[in-house]
Each structure stands twice: as structure tokens, then as C-alpha cells.
Amino acid sequence: MAVPKHKTSKQRSHTRGSQWKLSGPNLIECSQCHQLVQYHRVCSNCGYYDNELKIDKNQGND
């Protein structure tokens, strides 16, 4: 089994760990209501996706 010859310093291990970063979600503008929406998701404001009405938001308001 391989065994390291030297101790890995704190600086070296912390530098290597510093590259693990989180990125925010990619947002685009809805083509109908111009709200920010995640890619490949139905707009929660108007219900459109890919220029088609997928969820009717006025369905329950009769």
C-alpha cells in the first residue's frame, strides 16, 4: 500500500480545498413576463415555457 513520504502541510491542503466553490443558479429572462427563471423550468409567474402556456395560472379564478 502506498504511504506518503512527507506530511502534507496545512497550506497545501487548504490551497487544494479552496477550489471547491459553489456557483449560483443560471437565470434567464422569461419571454412573456420578463421575470428571471431557471433554465428548462416553467415560469412560476406566468406559467409559460418555450413560448407555450404550460400551466394556466387563471384556472381557479372563475
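## Exposure and the basis of the model

A residue counts as exposed when its relative accessible area is over 50%, as buried when that value is under 20%, and as partly exposed in between. The model discussed here is predicted, and the values below should be read with that in mind.

D50 has a relative accessible area of 59%, and it is therefore classed as exposed, since the cut-off for that class is over 50%. N58 reaches 54% and is likewise exposed, whereas Q32, at 38% relative accessibility, counts as partly exposed.

## Loops and positive phi values

D50 belongs to the loop between strand 3 and strand 4, where its phi is near 55°, a positive value in a residue other than glycine. The loop between strand 1 and strand 2 holds H34, which is not a glycine either and yet has a positive phi of about 65°.

Q32 is also placed in the loop between strand 1 and strand 2. Computed along the chain in residues, Q32 and Q59 are 27 apart in sequence, and their C-alpha atoms are 18 Å apart in space.

## The largest pocket

How much space lies in the largest pocket? The computed volume is about 200 Å³, and the lining consists of 15 residues, of which I28, R41, Y48, Y49 and D50 lie nearest the centre of the pocket. Strand 1 (27-29), strand 2 (36-38) and strand 3 (48-49) are the elements that give two or more residues to this lining.

Sorted by class, the lining of the largest pocket comprises 8 nonpolar, 4 polar and 3 charged residues.

N58 is found in the segment after strand 4. N58 and C46 are 12 residues apart in sequence, with a C-alpha to C-alpha separation of 9.4 Å in space.

Which residue forms a salt bridge with K54? The partner is E52, and the closest N and O atoms of the pair are 3.2 Å apart, which lies inside the limit of 4 Å used to define a salt bridge. Side chains of opposite charge can pair when their charged atoms come close. K54 is partly exposed, with a relative accessible area of 43%, and E52 is partly exposed with a value of 43%. The count by this rule comes to 1 salt bridge.

Conventions:
Residues numbered from 1 in each chain as written. Predicted model: local features only at pLDDT ≥ 70, side-chain atom pairs only at ≥ 80, totals over all residues. Heavy atoms only, no water. Salt bridge = Lys/Arg side-chain N within 4 Å of Asp/Glu carboxyl O. Buried < 20%, exposed > 50% of the residue type's maximum accessible area, 1.4 Å probe, protein only. 1 Å grid on protein atoms, 1.4 Å probe; cavity = no way out; pocket = protein on both sides within 12 Å on 5 of 7 lines; lining within 4 Å. Points joined across faces, edges and corners; volume = space filled by probe spheres on them. Helix = DSSP H or I, 4+ residues; strand = E, 2+ residues; numbered from the N terminus. Nonpolar A, V, L, I, M, F, W, Y, C, P; charged D, E, K, R; others polar.
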